[in-house]
Amino acid sequence: MPEWQPGGRYAVSVRPPVNRRAVVAAERRRLVVRAAGPTAECDCPPAPAPKAPHWQQTLDELAKPKEQRKVMIAQIAPAVRVAIAETMGLNPGDVTVGQMVTGLRMLGFDYVFDTLFGADLTIMEEGTELRHRLQDHLEQHPNKEEPLPMFTSCCPGWVAMVEKSNPELIPYLSSCKSPQMMLGAVIKNYFAAEAGAKPEDICNVSVMPCVRKQGEADREWFNTTGAGGANVDHVMTTAELGKIFVERGIKLNDLQESPFDNPVGEGSGGGVLFGTTGGVMEAALRTVYEVVTQKPLDRIVFEDVRGLEGIKESTLHLTPGPTSPFKAFAGADGTGITLNIAVANGLGNAKKLIKQLAAGESKYDFIEVMACPGGCIGGGGQPRSADKQILQKRQAAMYDLDERAVIRRSHENPLIGALYEKFLGEPNGHKAHELLHTHYVAGGVPDEK
């Protein structure tokens, strides 16, 4: 609007035409200066340098002189052992886990543990939690047919979906941490003390088939040691580790086998099954059945939860043993109790199950969910493959490892029993809850990857 001038006239100012190209060029120069950091023309603080990827941070720590670096520990997830061979052009399972242990020691790791130990811990805690929930349910509503259900909680993709899209399901999630995080807590608390090391002087590196495991490890409340920092410091994927072996000229299939380190290093066949859809359910049923009935299974394999179908269902009849706390719910004829279970292979099928439950069309007591098709064997951190049958081949390799395991039930792992006796107390006890259980956040964790 022109300004009013004395005498009733407007003073009209004429602006010179705008040179748009000059304006754009000036803006580009300003952005370049800002990106370059503080200068005479711009005193803006420089953007923080991006952190190196976690596999690189791991190699950087390993490259330090031994007297200057941290105690380096690696843990190997179940699904990694069947897929690592593919990074070298081999078939699933062609590299043994013992050869992987040797390869990791050649990279400089001081100790190599098996995440199967964490999986066995998960079964002990999750199986106990399921039994407690079932008992509470039966005591409060002995004749009412309504679903619990308890959902598994070891898949971070599934947990993130619940937190962000279905927070009303949070009370139904098991409070158990994943095997990675359980073993991380044991390493930074129990093993550190046994080895005479401070938690902050240990660098715990997980090799995982999943691209969301680093985000899980970075959750602040998973730090159980305070000054010790994260319980899992770095996560590298199967594909990333395989590339490192190839670049270093380490041919895993030519190496001699080495054993895992102990006292928290080995797991059961049930723990192996965590790497495929239906595996957590099968491992849990092996333990829950024998604890409730107080007798061994006639057949340890649960065919109903195996395979790659989208949704698998089964019903398990449990006749409580003579001293079982479930004896009171066995019924007048002593027939026992019924456990209805389901397995969702992939988040799409999980959503279908949730809709069925909400509509009252299905009733379950225990549900396993894995976000990736096939479970962890199909995780985003696994080697890419053009083979349309790759999931079937990886799953078959997992079943073979279970079949050949000396110990196939989590509750029969003597190292697990020793850890409870010496350190944790009892499953779901005070110390176990403090170290091995967690909570969830409605809406999810901001910026979690």
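**Pocket, cavity and packing**

Author: In this predicted model, the largest pocket has a lining of 29 residues, and R81, V97, D114, F260 and L401 are those nearest its centre. About 740 Å³ of space lies in that pocket.

Reader: Why is helix 6 called largely enclosed by the rest of the structure?

Author: A residue counts as buried when its relative accessible area is under 20%. Eight of the 10 residues of helix 6 (residues 156–165) are buried, and therefore the helix is described as largely enclosed by the rest of the structure. The buried residues are P156, G157, W158, V159, A160, M161, V162 and E163, and their cover includes strand 5 (150–151), helix 8 (213–217), helix 12 (347–358) and strand 10 (366–370).

Reader: What makes a space a cavity and not a pocket, and how many cavities of 30 Å³ or more does a search of the whole structure find?

Author: A cavity is a set of points where a 1.4 Å probe fits but cannot get out, whereas a pocket is an open set. The search of the whole structure finds one cavity of 30 Å³ or more, and about 140 Å³ of space lies in the largest cavity. Its lining has 17 residues, of which P156, V159, E216, R219 and F222 are the closest to its centre.

Helix 6 and helix 8 each supply at least two residues of this lining, with the largest share, three residues, coming from helix 6. By class, the lining of the largest cavity has six nonpolar, five polar and six charged residues.

Reader: Why is helix 5 called roughly perpendicular to helix 7?

Author: Angles of 65 to 115 degrees count as roughly perpendicular. Helix 5 (residues 115–140) and helix 7 (residues 179–195) pack at an angle of about 100 degrees, with their axes 8 Å apart. That angle is why helix 5 is called roughly perpendicular to helix 7.

Reader: Which residues of helix 5 and helix 7 meet?

Author: From helix 5, T115, F117, G118, A119, L121, T122 and E125 meet P179, Q180, M182, L183 and V186 of helix 7. By class, this contact has seven nonpolar, four polar and one charged residues.

Notes: Residues numbered from 1 in each chain as written. Predicted model: local features only at pLDDT ≥ 70, side-chain atom pairs only at ≥ 80, totals over all residues. Heavy atoms only, no water. Buried < 20%, exposed > 50% of the residue type's maximum accessible area, 1.4 Å probe, protein only. Helix = DSSP H or I, 4+ residues; strand = E, 2+ residues; numbered from the N terminus. Contact = heavy atoms within 4.5 Å. 1 Å grid on protein atoms, 1.4 Å probe; cavity = no way out; pocket = protein on both sides within 12 Å on 5 of 7 lines; lining within 4 Å. Points joined across faces, edges and corners; volume = space filled by probe spheres on them. Nonpolar A, V, L, I, M, F, W, Y, C, P; charged D, E, K, R; others polar. Axes fitted to C-alpha atoms, helices over the stretch in contact; angles between N-to-C directions. Parallel < 35°, antiparallel > 145°, perpendicular 65-115°, else oblique.
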